[in-house]
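I opened this entry to keep a record of what I looked up, going from the whole chain down to single residues.

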Amino acid sequence: MFQRFMCYVINSFCCLLYVKEYKRFINSRNINEIQRNKLLDILEKNKCCEYGKKYDFKSIKSINEYQNRVPVTCYEDYIDYIEKIKNGERNILTGEDILLLELTSGSVSASKLIPYTSSLKEEFQKGLKPWIYSLYSGYRGVKWGKSYWSITPATTQNEYTKGGIPIGFEEDSEYFGKLDKKLFDVIFAVSKDVAKEKDMEVFYYKTALSLLKCKNLSFISVWNPTFLILLLDYMEKNRKSLGEDISKKDRKRGSEVSEFLSKKQYAKLWRHLKVISCWCDANAKEYASKVKMLFPDVDIQPKGLLATEGLISFPFPGENGARISINSHFFEFSSIVNNEVYLTHQLEQGRQYSVIITTSGGLYRYRLNDIIEVTGFSGKLPLIRFVGKQDKVSDLFGEKLNESFVKNIIESLEIKPEFYMVAPETDRYVLYIKSDRVPEDIDRFLRENFHYDYCRKLGQLKRLKIFRLTGNPEKEYLDECVKRGQRLGDIKPSVLQLKGGWDKAFKGEYL
């Protein structure tokens, strides 16, 4: 009981630290004015940097002037600027010093380096703090327990650019302040030191052991719901050694852990668990449903939209969609229907848009290629959900296969596979699938795409092949993504891959 009381005290104190930002957010009334002031503040701070001088930020006095003068950009537009930053040059994209370059995966570029400044970290906190406050205040019982926030294992050594700029955060909690991190160290169920493990087997074991030792777990936050499913599966397969290790200090806990894992009664492992936060939209929807089946009495809260480049939205308890984080960055939204650009206060329910952000990290009118749909409103503030990536297109010979197109084909067949993914392989595509029913003639459906059909007619592409999966594809997928250099927390469920070689990563056989 003492441990539960200590958790309550610390979690309550964290809420006190965040209540000011929470109130500032919920009391926001004039969305357009807030966004205008945010934009002008960013431009004022960066008017003397190289990019600011190029577009004469100091003379811009309105949103319209900004939109007319500064073009919509993508990552490739910043490569030359980031090279200068890597070499140690200052005042390139921002007037502030660059704290670090955060690595993330790209679609056109193999990887991207995103500049981080102190102001950008503050912008993230303007969304994270209201979310955490609403989470701990809105779900009864969460304050009384410990939390598990998924951490990313250190698969690479700390790196620096030629100019001495660090590449990547040392730990995910770097998004928060120093006091916050010290408090989190007390109430986190898994020590941050686990992230230093470079051996994935050791990383999984230490994570599983720490979680199973924690009787008082009330909150779990993971990005990919498949990671939680795989972690539970790992616990079940290693229940004997895990139970023995726990029994060395707590025989009763070790015994019940072994029993619950052997029966796959995962919900009984943590009787105080109240909320699981994870991706629930787009390709993650099916896996989030599996998590709900494993924990039927636990609230599953969908994540908002958070990218390495910026924080776009965050959820409030019980709402259908996530609120746009209007105090974080300046937002624009390009209509999927007519490509017209709209501001936050101009969004309409039921419409889909592509997100464009301007941040204090040096990205200006930057297109994320994340598609969102407006699901409703909280007062005048739009609620949004993530639909998918606009730029997920595979193009070996001009076939232009889009992820949404592929997903719609598989879903229309109503075979409900446990796992599926399409990936290119030299001169054809491969459908990797685990299902009782193997779909027939997928290639015929793909040929409804004019460009794909044309490449097939020319002989540039051969007929699609099917690879029947026999192992644990979710785990094999995550492991391969980590081997390819992705951070564990960045790995999203994917229907369409842009690179091949997956027949060497998955267990199974070609049909």
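**Whole chain**

I began with burial, and I found that buried residues make up 54% of the 511 residues in the chain. I note here that I am working from a predicted model.

I then checked the overall dimensions: the C-alpha trace spans about 70 × 65 × 50 Å along its principal axes. The radius of gyration is 24 Å, which agrees with the value near 24 Å that a compact globule of 511 residues would have.

For secondary structure I counted 16 helices and 21 strands in the chain. Turning to contacts with a separation of 6 or more, I saw that 66% of them are accounted for by residues 24 or more positions apart.

**Surface and charge**

I looked up the accessible surface, which comes to about 23700 Å², and carbon and sulfur atoms hold 48% of that area. On the charge side I listed 81 positive and 68 negative side chains, with the centres of the two sets lying 4 Å apart.

**Thr-308**

I next went to the loop between strand 8 (299-302) and strand 9 (313-315), where Thr-308 has its place. Is Thr-308 buried or exposed? Its relative accessibility is 11%, and because buried means under 20%, Thr-308 counts as buried. Leaving aside neighbours within four places in sequence, I recorded contacts of Thr-308 with Glu-102, Thr-104, Ile-114, Tyr-116 and Phe-124.

**Positive phi values**

Asn-91 is a residue other than glycine, yet its phi is positive, near 55°. Asn-91 is found in the loop between helix 5 (79-86) and strand 1 (100-105), and at 42% relative accessibility it counts as partly exposed.

Glu-414, which is not a glycine either, has a positive phi of about 55°. I located Glu-414 in the loop between helix 13 (403-412) and strand 18 (419-425). With a relative accessibility of 61%, Glu-414 counts as exposed, since the cut-off for that class is over 50%.

Conventions: Residues are numbered from 1 along each chain as its sequence is written. This is a predicted model: local features need pLDDT of at least 70, side-chain atom pairs count only at pLDDT 80 or more; totals for chains, interfaces and linings use all residues. Side-chain values use heavy atoms; hydrogens and water are left out. Helices (H or I, at least four residues) and strands (E, at least two) are DSSP runs, numbered from the N terminus. Buried means under 20% relative accessible area, exposed over 50%, partly exposed in between (1.4 Å probe, protein chains only). Contact means heavy atoms within 4.5 Å. The radius of gyration is taken over C-alpha atoms; the globule rule is 2.2 Å times the number of residues to the power 0.38. Accessible areas come from the Shrake-Rupley method with a 1.4 Å probe; for residues, only the protein chains shown count as cover. Lys and Arg count as positive and Asp and Glu as negative; His and the chain ends are not counted. The place of a charge is taken as NZ of Lys, CZ of Arg, CG of Asp or CD of Glu.
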